[in-house]
Amino acid sequence: MDPNATRMLEIDPNRTQMGGAPSLNVTQTIAPVQCPICKTFNPAGEGFCVECGLIFQSALPDDAFGAPAVRLPCLVDEGGREHFLRPGTNLVGREGDVIIHDTRVSRKHAEIRRHADGFYIHDLGSMNGTYVNRERVEVTKLAGHDEVQIGRFRLVFFVGE
């Protein structure tokens, strides 16, 4: 037999075979990767999230010892995207930590600050106002599941649930 000749492999359908690399006899589906942090769909094969920068190989698996998951405080928009709040002050607006793309929203529209007794939202003198549970506010303490409206966007506040 000529070692340089091209040969077709014959596959016995009644025999179990261990596969390795892809072949012409295998169909592969390539699907976008959804970021576990910001829920953005990324192109297939991408090594990091194009939105938040999470390196996919660095994502940790669930706790191996059965500890409950810790949910960070966040605002969830109508599309289900989570905007995680960091300790200290979080700026909400067309610029800042929680970015809202709406012409009715000021660049620096509101701040969410963490105090010892919880989270407070402060309107920063915006023209169109900041609303919590459909009431215009200047400063108010946020509770779990409060609806925050800034411009046309409604966000739901979640804390440690």
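Mentor: Begin with a rule: two strands count as paired if DSSP finds at least two bridges between them. The model you are looking at is predicted.

Trainee: How many residues lie between β3 and β4 in their hairpin?

Mentor: There are 4 residues between the strands of this hairpin. G80, in the turn, has a positive phi of about 90 degrees.

Trainee: How do you know that β3 also pairs with β13?

Mentor: Strand β13, residues 153–158, is joined to β3 by 4 bridges, and the two run antiparallel. That meets the requirement of at least two, so they pair. V76 has V156 as its bridge partner in β13.

Trainee: Why are both faces of β3 called covered?

Mentor: Buried means under 20% relative accessible area. In β3, residues 74–77, C74 and V76 on one side are buried, and so are L75 and D77 on the other. In a regular strand the side chains alternate between the two faces of the sheet.

Trainee: What makes β6 and β11 edge strands?

Mentor: They belong to an open sheet of 5 strands with mixed pairing, in the order β6-β5-β7-β8-β11. β6 (98–99) and β11 (139–142) each have a single partner strand, so one side of each lacks a neighbour in the sheet. Strand β8, residues 118–123, pairs with β11 in the antiparallel sense over 4 bridges. There, Y120 stands opposite K141 in β11.

Definitions and conventions: Residues are numbered from 1 along each chain as its sequence is written. This is a predicted model: local features need pLDDT of at least 70, side-chain atom pairs count only at pLDDT 80 or more; totals for chains, interfaces and linings use all residues. Side-chain values use heavy atoms; hydrogens and water are left out. Buried means under 20% relative accessible area, exposed over 50%, partly exposed in between (1.4 Å probe, protein chains only).
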